[in-house]
Amino acid sequence: MSALDPADPAIEPPAGFAVQPSRGMRRLWPQKVVEILLPALIFILALVAWEVVVRLRGIPPYILPAPSLIGATLVKDWPILSGSLIVTLWTTVEALLIAVAGSLGLALVFAQSKWIERSFFPFAVVMQVTPVVAIAPLLLIYLDSRTAVLVCAFLVAFFPILSNTALGLASADHNLIELMELYRAPKWRQILLLRLPAALPFFLGGLRIGGGLALIGAIVAEIAAGSAGQGSGLAFRIVEAGFRLNIPRMFAALTLISLTGILIYVAFAMLSYALLYRWHDSARSRGV
Amino acid sequence: MTTVLERSPTGDASDVGRRLVSLRSVSKTFPNGTVALSRLDLDVRAGEFLSLIGPSGCGKSTALRMLAGLTEPSSGEIAWHGTRPEIGFVFQEPTLMPWASVFNNVWLPLRLRGVGKVEARTRIDEALAMVGLSAFAKSYPRELSGGMKMRVSIARALVLRPPLLLMDEPFAALDEITRFKLNNDLIRLAAELGTTVVFVTHSVYESVYLSTRIVVMAARPGRAVAEIGVDAPLERTEDFRSTPVYTETCRRASRALHEAMTDEDQL
């Protein structure tokens, strides 16, 4: 992930005297190449080993398909799988958007008073600790399957964003808060100018966790819904292919789910870096 | 309780020596029972550089925070002679917003007074020039040294040109070379702007070098035990450190501080 590396020359170094000495840049190049190439090489080697084992031992595709077959299935079944990918991806994004809006709003309400936070936090905890797979059947009775899946994905993404943001809002520098009081700043300006920026790194951390969990929530709910004969997301395709013993398609769908998860993670990591790299320790190299 | 005794413009160069604010028999007891201040009487006069010095727990920071309105006295009163002027405050830490550039950090007080970024530019540039950081307006606090961060903090406190500047051990965490340099800059700025300064410190030498008047405080309970005038004009340079007035005042202040701390031991 070269885009995440502060040493990447594509990202302009911050102005000022504390810029890292440039003499290190040239020597960093071979190291960077190794950093990217080595994991890629190992990954490809693992795939090759898988392929070789399947072919040499003649393992039938209904037990373990070779990577080449999974690739071919991905291409062949793309018309079916792409539709399901869009359904799952869209559910995840939608759930995440609602979770972000809801958790930000609630975190801001919590920030108004310790008592509000104390009173309502247990609800958030209950929502978090109850496994979503256990709630899904109930939701599927109450709601149509699309909405039920959305609610499940929302439920799991909501809490990490909420608790991180609430922590962030409460962690603003006390001296800065006093400074705002000295200048008699109204409370809303304190929130806008001080608490929200202070909460940003925490919020982004919550978002990274919530993003991955939203996908998991969507998949779990789809499986619950899929076994009831509803839905058309990627998890439904896995269940469906399982009934037909279409193992290669199961692997193909699984591959797409993994790629979606990676995509979500990388997108948020990049967002985090873009927003924090100038000021927050988490996004900076130590300059050694 | 805060009262306004007489109405007159504050911070005028014409009324140097006039009382700006008075603490009258001010006490502060914290909810946990600690008596931070006991019946403190203190006048701050326009144009002076007043240092509060004393051991930990003598309530010097509490007194400063009361002047800033950040904490209320449990009893006694804070009386402003005239309307309360604009106040600048410098904390022990630079207390900058890490997500904002130096420029935006200094903008904050103006911003809270409703001054837009474009309008504020000249005043921010001036404030940064005063502390010698014009070239760093676009830098982020992270990219600055400890001394430079403190300069930004001072620029922020001065950007509204407050008649009264309160400083709570601002240089305690800095190395001695940086501290001496900032001491000189502070004296120059206070004189240039005609700012009244109340300065809290642990260091006898720093207080004598900077101040026109020193109030020595003792702990448990926090109170004022001695007052020492520094008989020298505020145009001071490093040479001042080798004058008899400086040496003699340091000796007196040290003795007063020593007595304040001996008192405490006997309690």
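User: Buried area is the accessible area (1.4 Å probe) that two parts lose on being put together, summed over both. How much do chain B and chain A bury between them?

Analyst: Bear in mind that this is a predicted model, where local features need pLDDT of at least 70, side-chain atom pairs count only at pLDDT 80 or more, and totals for chains, interfaces and linings use all residues. Residues are numbered from 1 along each chain as its sequence is written, chains are lettered from A and ligands numbered from 1 in the order written, and side-chain values use heavy atoms, leaving out hydrogens and water. Carbon and sulfur atoms carry 62% of the area buried between chain B and chain A, and the total is about 2,600 Å².

User: Which residues of chain B lose the most area to chain A?

Analyst: On chain B, 32 residues join the contact (heavy atoms within 4.5 Å), and chain A brings 25. Three residues of chain B together make up 29% of what that side buries: W99(B), R142(B) and E143(B).

User: Which residue of chain B meets E178(A) in a salt bridge?

Analyst: A salt bridge is a side-chain nitrogen of Lys or Arg within 4 Å of a carboxyl oxygen of Asp or Glu, and chain B and chain A share two. In one of them, N to O is 2.5 Å, and the partner of E178(A) is R65(B).

User: Which element gives the most to the side of chain B that touches chain A?

Analyst: Helices (H or I, at least four residues) and strands (E, at least two) are DSSP runs, numbered from the N terminus. In chain B, α1 (60–68), β6 (87–90), α2 (102–112) and α4 (146–158) each supply at least two residues of the side touching chain A. With four residues, the top giver is α2(B).

User: Is S84(A) buried or exposed?

Analyst: S84(A) sits in helix α3 (residues 78–112) of chain A. Beyond its neighbours within four places in sequence, S84(A) touches S232(A), G233(A), L234(A) and R237(A). Buried means under 20% relative accessible area, exposed over 50% and partly exposed in between (1.4 Å probe, protein chains only). Its relative accessibility is 1%, so S84(A) counts as buried.

User: How far apart are the C-alpha atoms of S84(A) and L256(A)?

Analyst: Along the chain, S84(A) and L256(A) are 172 residues apart.

Technical notes:
Contact = heavy atoms within 4.5 Å.
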